[in-house]
Amino acid sequence: MSSEPSFSSHLLYVMRENPVTAISFFMFAVLLICAIFGPSIVPYDPLASNTSNALSPPSAAHWFGTDNLGRDVFSRVIVATRLDLSISIAAVALSFVIGSFLGACAGYWGGWLDAVLNRILDTIMAFPLFVLAMGIVAALGNTVENIIYATAVINIPFYARLVRAEVNIRRDAGFVQAAKLAGNSDVRILAFHIFPNSLPPMMVQISLNLGWAILNAAGLSFIGLGVRPPTAEWGIMVAEGANFVISGEWWLALFPGLWLMFAVFTFNLMGDGLRDLVDPRKRT
Amino acid sequence: MKTNRRDFLKISGGALGASVLPFLKVMPASAAGNDVIVAVMGQSINSLDLHRTGTNRPSYQVAVNVYDRLVSFGTKVTEDGGVSYDYSVIEPEIAESWEETEDALIFKLKPEGKFHDGTPITAADVKWSFDRAVSLGGFPAVQMKAGSLESPEQFEAVDDLTFKIKLIRASKLTLPDLAVPIPMVINSKVALEHATDDDPWATEYLHTTPAGSGAFKVAKWSPGEQLVYERNDDYTSGPVPEVKRVIVREVPSPATRRALLERGDVNLSFNMPNKDAKELSGVDGLEIQTTPIENSIYSLCPNLAFDAFKDKRVRQAIAWSIPYQEVFDTGAYGRGKPMWGGQETSPSDIAWPQKFPYSTDLDRAKDLLKEAGMSAGFDVPLSISLGQAEWMEPVALLIQENLSKIGVNTTIDKIPSAGWRTASLVEKRLPLHLETFGGWLNYPCYYFFWCFLEGHLFNSSNYRNEEIQTLTNETLHMPIDDPDYAPKIKRMIEIIWDEVPRIALWQPALSVGMNGAKDFEYWFHRQLDVRNLKKV
Amino acid sequence: MSGRFQTIAMRIAQALPVVMGVVVVSFILTRALPGDPAVYFAGQSATDESIQQVREALGLDKSLPQQFFIYLGDLLRGDLGQSLSTGQPVINDLARRLPASLELTLTALILACSVAIPLGVMAAKKPGSLQDHICRIFVTAGVSLPTFFTGILLVYIFYYLLGIAPSPLGRLDFLYIEPDHITGFYLIDAALVGDWETFFGALKQLVLPAVTLALFTMAPIARMTRAAMLTALSSDFIRTAKAAGLTNSKVLYGYAFRNALLPVITTLGMVFSFMLGANVLVEKVFAWPGIGSYAVEALVSSDYAAVQGFVLTMAILFVLLNLIIDISYSLIDPRIGFEAQS
């Protein structure tokens, strides 16, 4: 481990090894740029209406056309990147932290803690997850925070289960015994010796969940439980645009839909690459 | 109302005998034959009994199509050639004739009147049905009360064919209130057979099994999917309908409803979105009928319980800052009637609704805010209903944009339908919100009664004005040909124009699209009346 | 054998606290929903008085613990209460709608498997090859589309523009008569009585929603098949089999695939219960009279009994499904006893 190569060279190695990963990292970079610089590079104010120019098809002035209030769809799609990425990353981070903590404790100490936690996770899993998320948002009110909480809650069991299993099989492993004999505390062993081993499989889960979190938020919007208007958000744009497809204004739903798909696609493809990136065994 | 195949065949009777069936099963809906109409709507029927607690609005159509009332309104042709009910004419339905005395209304029933099961309609049935409407509570009791029909003691079956209502006051609202869907006449003999001690009004039975005398019978009801009407060939209360059966399908997605109509897979799409109505009118083969809804205004309501709106100048400032034309174009796609831009500050006639004397004038709005000491502006949530987001959301966004120009910063709150009524009408706690009241009985005083009297349900602005209280109570039961009526109504309109507790946006319209059907009749209750429909 | 029954009994006992938890959580969740059902159902121009009457009629004037125990008592008697929005007993609603959802979900699952499993096997044959990448990109693209968007797009193209799909109006077109109720699955019921016109009518309606749902679920199945096949192919017995000179296809399908089936079946169980929840949106687009669209309506209108009944049904289904998977696991692979799993 002492001759660990630099992160960047490892990144390059992983990307060379798997072209799909390379493409997905590039796509992620595009998304990040949109999220960070989006509001300053778009041609129009995403909230400004112009009813005299409502529902105009894609043109040189409006690449993705305009919506029923005459707002520029392209600007809205790009600006929404930041919000959608924030929702999914915040939700997944939250469930990652809570799920890992619960799973690690349960897996390491076992006993009644494990039993109780397992029943609680089973209970959450036994709910139809999307309906649970709907219920939480409906009960708490439809704000960005509540969408994040709802998405986080339904994701927690996946992380907790995964970490629990990974920790459980290693708690009696040789390197753990060695660390114990060296006088390390349980918490220290758990945090620095056992837990990192569960990261590679978690990475796949994280990247899948990032995509799923976006879809989840979009689904909530479709039901009408999404973020508040006039905020631009892909799910709402697709959901509202969907009503215009039959009447021929396909661009309202299509472009946000494609962009949404692009983002979810990126996250889903990135999974294996991220795993390779953090997997110690993959390092040369 | 579970129907298996055998029952279905039985119900279908001669029209769909077993011999025709094999062909029918593979025929596309568009070729369904000349006597079947297929209609779609977005909402769901949840009961076949209007009086039952929890029956939703779309279910009222069953009361209209399957039951009869003592009287009904007439029919007229509107300016643009559509068919509409006629508020000015009251016609016999179950009753043959009636007379009004000092303290009573006496109805003579048609001697030939028959329920679906062939038994005669008697005054006892009418008495039982009316007793039920005022006794079960909930909305039916409220609506009956609006016509001064409050307790069972008022109703008397004098003999088999004579029914008497004792009046507690003379009111112009009583007779028209007998023609709304609520006082439907139920076959009490059938109902009583299924009544129990816990359920003396047979709500469980009538909930799934109608017992009426109407132009149609219910052949099949699958909640959440469809309702099939079958013509009552022995209809006694009016002309027998032309079509043999009407299938009403529930399709939640408006886009799908539009596609179905355009492709001719259905004959009628009820309550179309305004946008579809606008774009499809004039399309070959389609007929779009748009009827302005009487006694109804889509309004923006500033709540007087919210400090900033206590000052009428602030409310006026809001009224001056709304981009009316854009709101009308985007929210209603031009379907309906403008309710802004009136030229005078006091009305010249008692037409209702009529244009409010406001238009878009941001400078004037700013001046008014300054006068009120509010030139710095303020923050206020603007609430809309999730269930009506289709038009409320674009409207709210446009209003939000303009209000920000006079320093009023709004955040848009979407409230789910279940919470909407509680928040806006019952608790009346939304500082600024959109509201859609429409009065069934077409009088201005009736509108004022619900919307401007303190504590009344639709007064979601918490408005109170002594003069309005007095004038509304005076005019509510007064005949409209009373010489005092018009001046008082004009004064009432003048006050609320000045004080604007409700800012009128536009008068909404009901749009119905037809492809292969004609003569849809518009009713104030805004539900699907299938009795007059014909195939093209 | 008796030991096995004991373990099954143990399993069921373990599931009880889960079902109990679901009952409690769904009760709390519904009461936390905003809005007052009494107001919602009192109707258009209800007054305070009439709202109060409705509230009493619905039993909502009682305290929450009281309401909970009344609900529990009803549950024990098998009474799920009455839905306010459909006006029917919840149990009838669910009994009518569950087959619709199951039929859609199962069809979609079969469809997804028939595409995803061969794809996964193909990808595993040559990991890292072009066909591996194409498989991966294809299934990932499927799972990246929001189902409601795919659904609307398919309706637009195949129904509205091309006119080859039937109108998206639920399980059967207007003039077909629904088959006699035997299982509640239209396809099976129609086939049982030999009514092939209705069978094909129902099948036509199923195609678009099932494809929409299947696109979304191919990814986990294909991924799991690929991973399981890779593990199986690199194991000792395959090497032995190859060394023994067995044909490639014999090794691939006879040995490796059979061994890879186990994890795939576990995934299928997960995917199935996930799909049942996820088809909420698909049902809404296709006006499918299933339990998903029912749950959405119920949630939006604060229809307590309906939401609780739905959640409970789904939870019981979930528990049963896991039980079945556990049992089938031990049937497929006798080496795995129940004891081996925790």
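This is a predicted model: local features need pLDDT of at least 70, side-chain atom pairs count only at pLDDT 80 or more; totals for chains, interfaces and linings use all residues.
Staying with chain C, its secondary structure consists of 13 helices and 0 strands, and the order of elements from the N terminus is accordingly α-α-α-α-α-α-α-α-α-α-α-α-α. The C-alpha trace of chain C spans about 85 × 55 × 40 Å along its principal axes. If we take the contacts in chain C with a separation of 6 or more, 70% of them are between residues 24 or more positions apart.

Let me turn to the core. The largest nonpolar core holds 347 residues, and those that touch the most other members are A:A133, A:M134, B:A39, B:V246, C:I221, C:A295 and C:F310. Which element gives this core its largest share? That is helix α9 (residues 196-233) of chain C, with 18 residues. As for A:A133, once its neighbours within four places in sequence are left aside, this residue is in contact with A:A150, A:T151, A:I154, A:N216 and A:L220.

Among the elements of chain A, the lowest mean pLDDT, 75, belongs to helix α1 (residues 7-17), and the highest, 91, to helix α3 (residues 73-109).

Next comes the place where chains A and B meet, a contact that takes 16 residues from chain A and 21 residues from chain B. On the side of chain A that touches chain B, helix α10 (residues 234-245) of chain A supplies the largest share, 3 residues, and that side as a whole divides into 8 nonpolar, 7 polar and 1 charged.

Finally, the sheet in chain B. This is an open sheet of 4 strands in the order β4-β5-β7-β6, with antiparallel pairing, and its edge strands, each pairing on one side only, are β4 (95-100) and β6 (155-159) of chain B. From one strand to the next the twist averages 20°. Looking at one pair in detail, β6(B) and strand β7 (residues 162-166) of chain B pair in the antiparallel sense over 4 bridges, and B:E156 stands opposite B:K164 in β7(B). What packs on this sheet is helix α4 (residues 123-135) of chain B, which touches β5 (104-109), β6 and β7 of chain B, and the direction of helix α4 makes about 175° with that of β6(B).

Notes: Residues are numbered from 1 along each chain as its sequence is written. Chains are lettered from A and ligands numbered from 1 in the order in which they are written. Helices (H or I, at least four residues) and strands (E, at least two) are DSSP runs, numbered from the N terminus. Two residues are in contact if their C-beta atoms, placed from the backbone, lie within 7 Å. pLDDT is the predictor's confidence in each residue, from 0 to 100. A nonpolar core is a set of buried Ala, Val, Leu, Ile, Met, Phe, Trp, Tyr and Cys residues joined through C-beta atoms within 7 Å. A residue is buried if 20 or more other C-beta atoms lie within 10 Å of its own, exposed if 12 or fewer, and partly exposed in between; C-beta atoms are placed from the backbone. Ala, Val, Leu, Ile, Met, Phe, Trp, Tyr, Cys and Pro count as nonpolar, Asp, Glu, Lys and Arg as charged, and the others, Gly among them, as polar. Two strands pair if DSSP finds at least two bridges between them. Axes are lines fitted to C-alpha atoms, for helices over the stretch in contact, and angles run from 0 to 180 degrees between N-to-C directions.
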